Amino acid sequence: MRHLLLALPFVLAPGLAQAAQHHEHDHHDQHASLGAHEHGAAELDVALDGSTLEIELRSPAMNLVGFEHAPGSDADKRKIADARKRLEQPDTLFGLPAAAGCTLAETELESPLFEDAAHDGEHEHDHEGQHSEIHAHYHYDCATPQALHALDLQALFKAFPGTEKIQAQLIGPNGQRGAQLDAGQPRAEF
């Protein structure tokens, strides 16, 4: 299943490029495609294959904790711990319909900031000038996957207000699609 998530950017790239060209007119800055590391922007890959749902979120740390440097204070460590706690509870972020009966089977969170906070200052890393990212990967098993028609990211935008837009790529029973989401349009349909 993970291979589906890895293939998403290559499968959807032509369609997303065409869609981006179509929207370039009046809202170029608002609808521009996601750069390599753009504050306020994140990427979401979602694949539904049978009863298995995989969700992967990639975001600059700035969007989720408000900074990208190694934690230098207790306040920084609290912000990292709070973001990690929220990310460890994806059911509260992705608005999965209860009718789908999806249960979280696995969570993987990766970021240099999580490592730095865990080491509690034992050794300093020089993140000056570096861009820290946070990657979250979730594996769900869904009892009634046909009831899963969309994800609603309204709670994610509310929990992480530094996230202004999310470029979503989805593969599901109806094929593949891409969508640009924001607080005003937080729903991604399969």
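These legends describe an overview and close-up views of salt bridges in a predicted model.

The model is predicted: local features need pLDDT of at least 70, side-chain atom pairs count only at pLDDT 80 or more, and totals for chains, interfaces and linings use all residues. Residues are numbered from 1 along each chain as its sequence is written, and side-chain values use heavy atoms, with hydrogens and water left out.

**Figure 1. Overview of the fold.** Six helices and eight strands make up the secondary structure of the protein. Helices (H or I, at least four residues) and strands (E, at least two) are DSSP runs, numbered from the N terminus. Along the sequence they follow the pattern α-α-β-β-α-α-β-α-β-β-α-β-β-β. The protein has 190 residues, and 40% of them count as buried. Buried means under 20% relative accessible area, exposed over 50%, and partly exposed in between (1.4 Å probe, protein chains only). Of the contacts between residues at least 6 apart in sequence, 71% join residues at least 24 apart. A contact means heavy atoms within 4.5 Å. The exposed surface comes to about 10000 Å², and carbon and sulfur atoms supply 49% of it. Accessible areas come from the Shrake-Rupley method with a 1.4 Å probe; for residues, only the protein chains shown count as cover.

**Figure 2. The salt bridge between Lys-165 and Glu-38.** A salt bridge is a side-chain nitrogen of Lys or Arg within 4 Å of a carboxyl oxygen of Asp or Glu. By this rule the protein has six. In this view, the side chains of Lys-165 and Glu-38 pair with an N to O distance of 3.1 Å. The pair links distant parts of the chain, 127 residues apart. Lys-165 belongs to strand β6 (residues 165–172), while Glu-38 sits in the loop between α2 (24–31) and β1 (41–49). Lys-165 counts as buried because its relative accessibility is 10%. Glu-38, at 25% relative accessible area, is partly exposed.

**Figure 3. The salt bridge between Arg-187 and Glu-189.** These two side chains meet with N and O 3.5 Å apart. Arg-187 has a relative accessible area of 41%, so Arg-187 is partly exposed. Glu-189 also counts as partly exposed, at 42% relative accessibility.

Figure 4. Glu-56 and Arg-58 are both buried.
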